[in-house]
Amino acid sequence: MSDSPAARLQQLFEGHRLTPTQRRIAHSMVRRAADAPFLSSVELAELAGVSQPSVTRFAVALGFDGYPALRKYLREVAPEESEAGKDTYNEYQQAVQAEIENLRHLAELLADPAPVERAGRLLAASRPLPVLGLRAASSQARGFAYFAAKVHPDVRLLDEGGTLLADRIDTARRAGASALLCFALPRHPKEVVEALAYARSAGLKVVTVADSAFAPVARHSDLLIPAAVGTGLAFDTACAPMLLGRVLLEAMCDDLPDAQARLEEFDTRAAARGLFVE
């Protein structure tokens, strides 16, 4: 387990049955992991968009007497950091360093390959395979679908919301789909949560890549694998979710017996067409 602030918080929250409001607080703390030990209950409430009493109840749910006890604990276990070292980075470098930390955390998470291998089996077996990603997550879904279509016989990208989304899920299910892959990143659109709930009610297994194990989509996912986003710039950065998508693609290929043959066939056609500049 990483000794990063985000990893310690994730470990602290694991094993507790948290309400949706409490998961929202937990998610906010993970996003601001380095600052969490120094936030007042009012500041944390504002950050999470909840009431101050909700923060107190959250601390009690974790086994502390109240929020001051939780904050004291977080300060005691926080590793000492070199402020001088931090000051040498400008805001752009700090954003890069934060993403490097997110990738380190993902690497440690992947030390246990079982969840990714299970996801690969589910995705490979689904014919067709719907891939969902709206708004900020649409590029992640589109990138996965682009490469997956080279090895999977029927990939269906769902990157537009609206009233047709449920229809497209129904169509995939009737065609034989058994699983759906979702990329869910902040800010989480309400229709993504609703689409996952609908997909599960239709009998699909939902595999989700989300920014946190406490994201709103968690309760509608059969298998959620977290990959944190960077929040240091005006718009979030998603290096870790993108890399996790490629890891899932690799795991899916391992369960598609004709994946290599399909790739070789594509390369042959691409060469014949002069598709790429050598």
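**Notebook: loops, cis bonds and helix packing**

I started at Arg135, which sits in the loop joining strand 1 and helix 9. Helices (H or I, at least four residues) and strands (E, at least two) are DSSP runs counted from the N terminus. The model is predicted: local features need pLDDT of at least 70 and side-chain atom pairs pLDDT 80 or more, while totals for chains, interfaces and linings use all residues. Numbering runs from 1 along each chain as its sequence is written, and side-chain values use heavy atoms, without hydrogens or water.

**Backbone**

I looked up the phi of Arg135 and found a positive value near 50 degrees, in a residue that is not glycine. Most residues other than glycine have a negative phi, and most peptide bonds are trans. Arg135 counts as exposed because its relative accessibility is 64%. I use buried for under 20% relative accessible area, exposed for over 50% and partly exposed in between (1.4 Å probe, protein chains only).

Next I looked at cis peptide bonds. Arg127 to Pro128 is cis, with omega near 5 degrees. Pro128 lies in the loop between helix 8 (114-125) and strand 1 (129-132). Pro186 to Arg187 is also a cis bond, with omega near -5 degrees. Arg187 lies in the loop between strand 3 (179-184) and helix 11.

**Asp211**

I then went to Asp211, in the loop from strand 4 (205-210) to strand 5 (223-226). Asp211 is buried, at 4% relative accessibility. I checked its side chain for polar contacts (N or O atoms within 3.5 Å; within protein, one able to donate a hydrogen and the other to accept it, and sequence-adjacent residues counted only if both atoms are side-chain atoms). The side chain of His188 is one partner, at 2.9 Å. The side chain of His27 is another, at 3.1 Å. Beyond four places in sequence, Asp211 touches residues including Arg31, Pro186 and Val229. Contact here means heavy atoms within 4.5 Å.

**Helix 1**

How many residues of helix 1 are buried? I find 8 of the 9 in residues 5-13, so the helix is largely enclosed by the rest of the structure. Among the buried ones are Arg8, Gln10 and Phe13. They pack against helix 2 (20-31), helix 4 (52-61), helix 5 (67-77) and helix 7 (91-109).

**Helix 12 and its partners**

I took helix 9 (residues 138-148) with helix 12 (residues 239-254) and read an angle of about 25 degrees, with axes 10 Å apart. Axes are lines fitted to C-alpha atoms, for helices over the stretch in contact, and angles between N-to-C directions run from 0 to 180 degrees. The pair is therefore roughly parallel. That label covers angles under 35 degrees; over 145 is roughly antiparallel, 65 to 115 roughly perpendicular and the rest oblique.

For helix 7 with helix 12, the axes come within 9 Å and cross at roughly 35 degrees. Glu99, Asn102, Leu103 and Leu106 of helix 7 meet Cys239, Ala240, Leu243 and Leu244 of helix 12.

**Val193**

My last entry is Val193, in helix 11 (residues 190-201). Val193 is buried, at 15% relative accessible area. Outside four places in sequence, Val193 contacts Pro216, Val217 and His220. Its C-alpha is 9.0 Å from that of Ala218, 25 residues away along the chain.
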